[in-house]
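Subject: Structure for your review

Dear colleague,

Please find below the structure that I am handing over to you. I would be grateful if you kept it open while reading the notes that follow.

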Amino acid sequence: MTDAETTPQRIAQDGPRTLLVAWTDGHESRFDVRVLRLACGCAQCVDEWTGENRLDPASVPDDVHPLKVESVGRYALQIEWSDGHASGIYPFRRLRELDAHLAAP
Ligand SMILES: [Zn+2]
């Protein structure tokens, strides 16, 4: 992937359930915020050694939403969630991969 594909130009809430990421290459990703919550890759949600998902989707409320979205340096987003989970870090590259994955038929 190129830098343009993994560098966001703009990050914004696009309605209550959608986070919009506009990338430097012109592509726009729209993420359902709950899908994003479930895709958290932090050590609490994914086992660091086995890669196994430790997050029980049933434990995440249907109306979960970001309270705060911040950039961490130039490589990731940190999202504080309404379910009390604040350690979620989403590297830009991973977000772009997630977008490609979600768009796949
Ligand atoms: Zn997490």
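Two residues are said to be in contact when heavy atoms of theirs lie within 4.5 Å. With neighbours within four places in sequence left aside, Arg-34 is in contact with Arg-17, Pro-57, Val-60, Pro-61, Asp-62 and Val-64. Arg-34 itself belongs to helix α1. Is this residue, Arg-34, buried or exposed? Its relative accessible area is 19%; since buried means under 20%, Arg-34 counts as buried. Please bear in mind throughout that this is a predicted model.

The zinc site

Which residues hold the zinc ion as its protein donors? They are Cys-40, Cys-42 and Cys-45, each through its SG atom, and His-85 through NE2, at 2.1 to 2.3 Å from the ion. The angles among the four donor atoms run from 102 to 115°, and the site is tetrahedral. Along the chain, the donors are spaced as C-x1-C-x2-C-x39-H. Cys-40 sits in the loop between α1 (33–38) and β4 (66–72), while His-85 sits in the loop between β5 (76–81) and β6 (88–91); the pair therefore ties together parts that are 45 residues apart in sequence.

The hairpins

Strands β4 and β5 pair in the antiparallel sense over six bridges, and Val-69 stands opposite Ile-79 in β5. The hairpin of β5 and β6 has six residues between the strands, with Gly-84 in the turn at a positive phi of about 95°.

The three-stranded sheet

An open sheet has three strands in the order β1-β2-β3, with antiparallel pairing. At its edges stand β1 (8–13) and β3 (28–32); each has a single partner strand, so one side of each is left without a neighbour in the sheet. Neighbouring strands of this sheet are turned by 15° against each other on average, direction ignored. Strand β2 (residues 18–23) is joined to β3 by five bridges, and Leu-20 stands opposite Arg-30 in β3. Helix α2 (residues 92–103) lies across β1, β2 and β3, and runs at about 80° to β3.

Yours sincerely

Key:
Residues are numbered from 1 along each chain as its sequence is written. This is a predicted model: local features need pLDDT of at least 70, side-chain atom pairs count only at pLDDT 80 or more; totals for chains, interfaces and linings use all residues. Side-chain values use heavy atoms; hydrogens and water are left out. Donors are N, O and S atoms within 2.8 Å of the metal (3.2 Å for Na, K and Ca); water is not among the atoms, so sites may look incomplete. Four donors count as tetrahedral if all angles lie between 85 and 135 degrees; four count as square planar and six as octahedral if opposite donors are over 155 degrees apart and all others between 65 and 115; anything else is irregular. Helices (H or I, at least four residues) and strands (E, at least two) are DSSP runs, numbered from the N terminus. Two strands pair if DSSP finds at least two bridges between them. Buried means under 20% relative accessible area, exposed over 50%, partly exposed in between (1.4 Å probe, protein chains only). Axes are lines fitted to C-alpha atoms, for helices over the stretch in contact, and angles run from 0 to 180 degrees between N-to-C directions.
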